[in-house]
Amino acid sequence: MTTRTPEETVTAAEPLRALLWDALLAGDEYAAADVLFAALDDGLSAEEALLDVIGPVQAEVGLGWAANRLSVVQEHAATAMNDRIIAALAHRSPPPGEGRGRIAVACVEGEWHALPARLLAETLRLRGWRVDFLGAQAPTPHLIAHLHQTGPDLVALSSSVPTRLPTAHAAITACQAAGVPVLAGGAAFGADGRYARLLGADGWAPDARSAADVAAGGLGVPSGAVLHEPADDLPHLADQEYTLVSRGRTRLVRETVDGLDDRFPAMRGYTERQRERTAEDIAHIVDFLATALYVDDDALFTSFLVWTAGILEARGVPARSLTPALELLGEPLRDFPRATRLLRRGGAALTGG
């Protein structure tokens, strides 16, 4: 097979992405698989099929949901079809080689978005690694038990949702204490890997292809081989704001939702289901507030609020409803200087101030 330049790969992949997108929207898994299998027969490599066709299409599926062009059911169905197509492609590829090494690929505990990790696992297999793909939501104690049983060369830890960063931190330090270096990846760790570095990961990669390249170069001895506490890496946690906000989550959500009846009168006419969705939105805000306190990064919180405003507007819900919610959250947190700062800057981001 002739090796393609990056430009040639893009040119070859674009029409395939369009065909795969159409098949997924039609709910036709067989047609979707045929698109990829025919391309493989025509010379597309399995890695290109995974990373230049399926990966970008899956990203478009997520954007379609965010813009309210796809329903949750359509998004889930498309993701499930892509996952099964990846499995079918894996069985069409030759078995992995011997001697390159062993890698455990896992999603952080609480992280259910497994497809990015699956793409990495299959890419690593294609490049000759023995891969243990542990799937979504791998509990940290079970992950550590697996490391002791199998002795991999490294752990590739994936997370898409930033609110999993505190859990990711615990997993990183535990893996390193077990003597296994950690390669972090996924949107949760930031577009530039800032949170991977902050939490002490031994390496970071922005995508599956880059991660496979990093793995090939090796990560050496884990940087955190001695078990230590999160506060050792993040001294700002000593103020206890993260702990108090995360532990008070249920009360903060309840009091904020109750207070919105007066601050946002339109809510009085909400159905029970609309009130439940509002409570879910408030819970996400509290979770991101707590996570921003954990990593001490205002941008994590403000960018989430701006994203949420776009999601609400796409669904016909006025984004201005977020402002009184932030004000209500600020009342019980008035003695928390970092939380107060985050809420103030979040409100300014929503208003463009």
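Is Trp65 buried, exposed or partly exposed, and at what relative accessibility? Trp65 has 27% relative accessibility and therefore counts as partly exposed, where buried means under 20% relative accessible area, exposed over 50%, and partly exposed in between, with a 1.4 Å probe and protein chains only.

The model is predicted, so that local features need pLDDT of at least 70 and side-chain atom pairs count only at pLDDT 80 or more, whereas totals for chains, interfaces and linings use all residues. Residues are numbered from 1 along each chain as its sequence is written, and side-chain values use heavy atoms, with hydrogens and water left out.

Taken as a whole, the chain has 16 helices and five strands, these being DSSP runs numbered from the N terminus (helices H or I, at least four residues; strands E, at least two). The radius of gyration of the chain is 22 Å, close to the 20 Å that the globule rule gives for 353 residues, so the chain is as compact as a globular protein of that length; the radius is taken over C-alpha atoms, and the rule is 2.2 Å times the number of residues to the power 0.38. Along the principal axes, the C-alpha atoms fill a box of roughly 65 × 50 × 30 Å, and buried residues make up 48% of the 353 residues. Of the contacts (heavy atoms within 4.5 Å) between residues at least 6 apart in sequence, 73% join residues at least 24 apart.

With Trp65 in mind, one can turn to the aromatic rings. The whole structure holds four aromatic pairs, for which rings of Phe, Tyr and Trp (its six-membered ring) must have centres within 6.5 Å, with planes under 30 degrees apart counted as stacked, over 60 as edge-to-face and the rest as tilted. The ring centres of Trp65 and Trp307 lie 6.3 Å apart and their planes stand at 35°, so this pair is tilted. The pair links distant parts of the chain, since Trp65 belongs to helix 3 (residues 46-66) and Trp307 to helix 14, 242 residues apart. Trp307, at 45% relative accessibility, also counts as partly exposed, and ring pairs join Trp65, Phe288, Phe304 and Trp307 into a cluster.

Elsewhere, Ala174 lies in helix 7 (residues 165-177) and touches Thr140 and Ile144, not counting residues up to four places away in sequence.
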